[in-house]
Amino acid sequence: MLLSQFDYVFKNKDLQKILLWGLVENRKSLKKLANDREENGARLFESITDPHFKENAKRYRAIIALLISGIYYLDIYATTNDCTFCGLDLKTTEGRSEIEDALSFLIDKTYE
């Protein structure tokens, strides 16, 4: 799911703008979008991951929060800057593949 999100946010300029606006502007409509996103996420956590991770569910949520925020940032960065991030060109297939491999690695280690 996170790998799909990484690609989706990169390709969706409108979503990138909404994410940025949500960070810098205090509007009811943007708050509603954020709240709706959180409610959907909460349903996923409560029905899928919380039962699996039990007493470590909050730690898993924290790890996912870091990964999702990193995905958002890297995708927005890649589409607004003409430079690399940590030496990776996130506009290339090779650079994006490195991030995807890292995401998979982190998720696998989290499940362990």
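This is a predicted model: local features need pLDDT of at least 70, side-chain atom pairs count only at pLDDT 80 or more; totals for chains, interfaces and linings use all residues.

User: Good to know. How many helices and strands does the protein have?

Analyst: The secondary structure comes to five helices and zero strands. Reading along the sequence, you get the pattern α-α-α-α-α.

User: And what does the C-alpha trace span?

Analyst: Along its principal axes, the C-alpha trace spans about 45 × 40 × 20 Å. The protein has 112 residues, and 28% of them count as buried.

User: OK, pockets now. What is the volume of the largest pocket?

Analyst: Its volume is about 1,200 Å³. The lining is made up of 39 residues, and those nearest the centre are Gln-5, Arg-37, Ile-64, Ile-68 and Tyr-72.

User: Which elements give two or more residues to that lining?

Analyst: Helix 1 (2–11), helix 2 (13–24), helix 3 (28–53), helix 4 (57–80) and helix 5 (93–111) do. Helix 3 gives the largest share, with 13 residues.

User: How do the lining residues divide into nonpolar, polar and charged?

Analyst: There are 25 nonpolar residues in the lining of the largest pocket, along with nine polar and five charged.

User: Switching topic: what caps the N-terminal end of helix 2?

Analyst: That would be Asn-12, which has a side-chain oxygen 3.1 Å from the backbone nitrogen of Asp-14.

User: And how far apart are the end C-alpha atoms of helix 2?

Analyst: They are 17 Å apart. Helix 2 has twelve residues, and at 1.5 Å a residue these should span 16 Å, so the two values agree.

User: Last one: Tyr-60. Is that residue buried or exposed?

Analyst: Tyr-60, which is found in helix 4, has a relative accessible area of 8%. Buried means under 20%, so Tyr-60 counts as buried.

User: Which residues does Tyr-60 touch?

Analyst: Leaving out residues up to four places away in sequence, Tyr-60 touches Phe-45, Thr-49, Phe-53, Thr-110 and Tyr-111.

How values were computed
Residues are numbered from 1 along each chain as its sequence is written. Side-chain values use heavy atoms; hydrogens and water are left out. On a 1 Å grid over the protein atoms alone, a cavity is a set of points where a 1.4 Å probe fits but cannot get out, and a pocket is an open set with protein on both sides within 12 Å along at least five of seven lines; lining residues have an atom within 4 Å of a point. Grid points are joined across faces, edges and corners, and a volume is the space filled by probe spheres set on the points. Helices (H or I, at least four residues) and strands (E, at least two) are DSSP runs, numbered from the N terminus. Ala, Val, Leu, Ile, Met, Phe, Trp, Tyr, Cys and Pro count as nonpolar, Asp, Glu, Lys and Arg as charged, and the others, Gly among them, as polar. The expected span of a helix is 1.5 Å times one less than its number of residues. A polar contact is a pair of N or O atoms within 3.5 Å; within protein, one must be able to donate a hydrogen and the other to accept it, and residues adjacent in sequence count only if both atoms are side-chain atoms. Buried means under 20% relative accessible area, exposed over 50%, partly exposed in between (1.4 Å probe, protein chains only). Contact means heavy atoms within 4.5 Å.
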